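Biologist: Please take a close look at the charged side chains in this model. I would like to know where they sit and how they pair.

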Amino acid sequence: MSIEITEFQETNSIASEKLRVDLPGVVVPQMYYYIDDSKLLNDSEKKLKPADEKIVHDFSNISGNLICRH
């Protein structure tokens, strides 16, 4: 399964060691997982700062050969 990425915002980084201190028991994932409505999401949103201009893609100019097929 795949999902489209419609926006990208570069931010500062938070060291995994800092996450472990701030949120004991946190494990840096080896894959993606959902963190909606979690302490990790709330804490991260407070600490991350935008670094550059946000990139937004509306997919208006994508041809069929650029679409991934399984």
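This is a predicted model: local features need pLDDT of at least 70, side-chain atom pairs count only at pLDDT 80 or more; totals for chains, interfaces and linings use all residues.

Modeller: E7 is partly exposed, with a relative accessible area of 45%. Residues are numbered from 1 along each chain as its sequence is written, and side-chain values use heavy atoms, with hydrogens and water left out.

E7 forms a salt bridge with K54, and the closest N and O atoms of the pair are 3.4 Å apart. Here E7 lies in strand β1 (residues 7–8) while K54 lies in the loop between α2 and β2, so the pair ties together parts that are 47 residues apart in sequence. K54 is partly exposed as well, with a relative accessible area of 41%. A salt bridge here is a side-chain nitrogen of Lys or Arg within 4 Å of a carboxyl oxygen of Asp or Glu. In general, side chains of opposite charge can pair when their charged atoms come close.

E53 is found in that loop between α2 (39–47) and β2 (55–56) too. At 70% relative accessibility, E53 counts as exposed. The C-alpha atoms of E53 and Q9 are separated by 7.0 Å, although the two residues are 44 apart along the chain.

The elements need a short note. Helices are DSSP runs of H or I with at least four residues, strands are DSSP runs of E with at least two, and both are numbered from the N terminus. The protein has two helices and two strands, and from the N terminus on their order is β-α-α-β.

How many salt bridges does a search of the whole structure find? The search finds four. One of them joins K18 to D22, with the closest N and O atoms 3.1 Å apart. Both residues lie in helix α1 (residues 16–22), four residues apart, which is about one turn of the helix. K18 is partly exposed, with a relative accessible area of 42%, and D22 counts as partly exposed at 26%.

D43 pairs with K47 in another salt bridge, where the closest N and O atoms are 3.3 Å apart. Both lie in helix α2, again four residues apart, about one turn of the helix. D43 is buried, with a relative accessible area of 14%, whereas K47 is partly exposed, with 28%. Salt bridges that share partners join K18, D22, D43 and K47 into one network.

What does D43 touch, leaving out residues up to four places away in sequence? D43 touches D22 and L23. A contact means heavy atoms within 4.5 Å.

The rest of α2 gives D43 its setting. In α2, the residues L40, D43 and S44 are buried. They cover an arc of only 100° around the axis, so they sit on the same side of α2; the arc is that of the directions from the helix axis to the C-beta atoms. The buried residues of α2 pack against α1. On the face of α2 turned away from its buried side are the exposed residues E45 and K46.

D37 lies in the loop between α1 and α2. D37 is exposed, with a relative accessible area of 78%. Phi of D37 is near 55°, a positive value in a residue other than glycine.

Among contacts between residues at least 6 apart in sequence, 72% join residues at least 24 apart.

Note on methods
Buried means under 20% relative accessible area, exposed over 50%, partly exposed in between (1.4 Å probe, protein chains only).
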